[in-house]
Amino acid sequence: MVLDVHILLVRDGQILLSRRRGGYGDGMWHLPSGKTDMGEPADRAVVREAHEEVGVIIDPDDLRFVHALHVQHPDEEPRLGVFFEATRWRGEPTNREPDKCSAVRWFPLTALPDWTIPYPAAGISAYLAGVPFGVFGWGNEIPRYYNGAPRPEPARILPADLGSPR
């Protein structure tokens, strides 16, 4: 199974998103994220991805696990997305992968941009509601969250079949 790691860089009620360029989610907003390398633990992978994508240096002790989302996109193998929050880091976030990302921008946590990819939007919604685990996909456009708490309101999510925002 693919293990994805996502970093929620949060400061002053805002979250950092990057606009994807080419391939999956072209032109849509996403969290800095990536896959673990063989033998790499999730906490080290998310620290590495944050540095590679937006240039910040995070001490693993400053990470807080906030959500796990079991995801299955059509025609793909299921994956587990692990979401971490960081409110402390060194450096100012910048776009370090211009071939994969066309912009890096801060957004209010409660007002994600219209063109946010559904997968990270589901993780952000769960984070805001304090929900530790969810399932997304398998023919369902709305994530299911588990912890006995009220279901969080989904972030503004557009179906993937609406095409590119351009």
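Predicted model: local features only at pLDDT ≥ 70, side-chain atom pairs only at ≥ 80, totals over all residues.
Leaving aside neighbours within four places in sequence, its contacts are His-6, Ile-7, Leu-8, Ile-15, Leu-16, Leu-17, Ser-18, Phe-83, Pro-120 and Ile-124. Leu-31 is also listed, with Leu-8, Ile-15, Leu-17, Leu-69, Phe-83 and Ile-124, among the residues that have the most contacts inside the largest nonpolar core, a set of 25 residues. Two or more residues of this core come from each of strands E1 (2-11), E2 (14-20), E5 (63-72) and E7 (101-108) and from helix H2 (118-129). The contribution of H2 is the greatest, at six residues. Another core, of 18 residues, lies apart from this one and includes Val-47, Val-54, Ile-58 and Leu-63. In soluble globular proteins, nonpolar side chains tend to be buried together.

Strand E1 is mostly covered, with seven of its ten residues buried. Its pairing with strand E6 (residues 79-86) is parallel and extends over eight bridges; within this pairing, His-6 stands opposite Phe-83. Both His-6 and Phe-83 are in contact with Leu-31.

Strand E1 also pairs with strand E4 (residues 33-35), here in the antiparallel sense and over three bridges, and Asp-4 stands opposite Lys-35 of E4. The pairing of E1 with E2 is likewise antiparallel and consists of two bridges.

Conventions: Residues numbered from 1 in each chain as written. Heavy atoms only, no water. Core = buried A, V, L, I, M, F, W, Y, C linked by side-chain atoms within 4.5 Å. Buried < 20%, exposed > 50% of the residue type's maximum accessible area, 1.4 Å probe, protein only. Helix = DSSP H or I, 4+ residues; strand = E, 2+ residues; numbered from the N terminus. Contact = heavy atoms within 4.5 Å. Pairing = 2+ DSSP bridges.
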